[in-house]
Amino acid sequence: MTIGFASRAAVSGCVLCAAGLLALAPAAATTGPGADPGPRTTDAPASLLYRPGTHVRPRAGAPEVPDLSARSWLIADADTGTVLAAHDAHRRLPPASTLKTLFALTVMPALPSGIRHRVDPEELAGIGPGSSLVGVAENRTYRVSDLWNGVFLNSGNDAVHVLAALNGGWRVTAERMEEKARALGARDTRVKSPDGYDAPGQVSSAFDLTVFGRAGLRTPEFAEYCARAEAIFPARDGGTYPIVNTNRLLTGADGVAPYRGLIGVKNGYTSHAGNTLVAAARRDGRTLVATVMNPRPDDGHAVYEEARALLDWGFEAADRVDPVGSLDALRSAPPGGPEANAVAAPASREDDPDDRPVWWTITGAGLLGGAGVAVYLRLRWGPVPKN
């Protein structure tokens, strides 16, 4: 049941209604035979990831979570999947080239790196204006490994187009990417352009991108490419030229200090998405993955510095916070499925939730009469979703 109220004055009345309904539901209904325990495990705290806002569960002595400008961010332990802190983790935003992480997870297993391919001119058709390019040339022969260097280091949309052609085509690749995302438990992602180029309806989330980054680190070939700072790429004239990873947190380029222990994963930028970054680092046997989406637009380095702040905080706080959720799909999904409490992105940064009506979602647990019909009752406060 979902109820909308026109003002916050209705809060106390709603709370009383909810309390009364809970009192009528037998306590045994949540634990007795036949009760649905929901998808979460009983040994972990309930996930907060589908609730709007910033979430962290600090213990005594935990450092304060950094104050970031990003519209969405998340930091997690790559080994356990434990989410240490997050802000609007499921907010759907354009991902830019960080979507190439999902592209690689989808296409890489189907194309052995040693395959050699002569590029057909049609394979380079339709590349979006202003796209980042590595310099793939028509009628030139490349190894698949060359093309992956172009994808990970130079974020080359030309290399993505050729690899997608080898994978069955642009549309087939987009469909397979969405299938791969669902298989990983990432349900916020919609793929329209596999290279991450802005396209209507193409979105992902900090949660999904962190899932992709974590999955990539578990794939040796992916992990090798995303951690590579430099490579040699075949030139049009038969020679070669060097390419450098555009992830400044990895290389230390353009005045951004390199991050100690960084092992990838992928950065991105479009005018619509702003700057995005999935960054992974390993220190003292612990690997953390942080995703930052669309920080303040007036500073091109903000995405790197905010990822740095998150990783610094994570390594200091990891043993002094309780999880706010998990990257594992079943442990992070809310009752009723992942779509039940998905966070919708406001139209702009200027949207002020305090000036909008209150929106309550009531779910929970109980039994109606003796028929054994399960009812769910839970109270959530947030802004009215816009259509």
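I started with helix H6, residues 206-217, in this predicted model. H6 has twelve residues and runs 16 Å from first C-alpha to last, close to the 16 Å expected at 1.5 Å a residue.

Next I looked up burial along H6. Twelve of its twelve residues come out buried, so H6 is largely enclosed by the rest of the structure.

Then I went through the rings. How many aromatic pairs does the structure hold? I get six. I picked out Phe152 with Phe222: the ring centres are 5.1 Å apart and the planes sit at 85°, so I log this pair as edge-to-face. Phe152 is in helix H3 (residues 144-152) and Phe222 is in helix H7 (residues 220-226), so I note a link between distant parts of the chain, 70 residues apart. Both Phe152 and Phe222 are buried.

Phe152 also pairs with Tyr225. Stacked or edge-to-face? Their centres are 5.8 Å apart with planes at 10°, so I put this one down as stacked. With Phe152 in H3 and Tyr225 in H7, the pair ties together parts 73 residues apart in sequence. Tyr225 is buried, as is Phe152.

I then checked which rings group together. Phe103, Trp148, Phe152, Phe222 and Tyr225 form one aromatic cluster.

Last entry, a charge and a ring. Arg140 lies over the face of Tyr142, and I have 5.6 Å to the ring centre.

How values were computed
Residues are numbered from 1 along each chain as its sequence is written. This is a predicted model: local features need pLDDT of at least 70, side-chain atom pairs count only at pLDDT 80 or more; totals for chains, interfaces and linings use all residues. Side-chain values use heavy atoms; hydrogens and water are left out. Helices (H or I, at least four residues) and strands (E, at least two) are DSSP runs, numbered from the N terminus. The expected span of a helix is 1.5 Å times one less than its number of residues. Buried means under 20% relative accessible area, exposed over 50%, partly exposed in between (1.4 Å probe, protein chains only). Rings of Phe, Tyr and Trp (its six-membered ring) pair if their centres lie within 6.5 Å; planes under 30 degrees apart count as stacked, over 60 as edge-to-face and the rest as tilted. A charge sits over a ring if NZ of Lys or CZ of Arg is within 6 Å of the ring centre and within 35 degrees of the ring normal.
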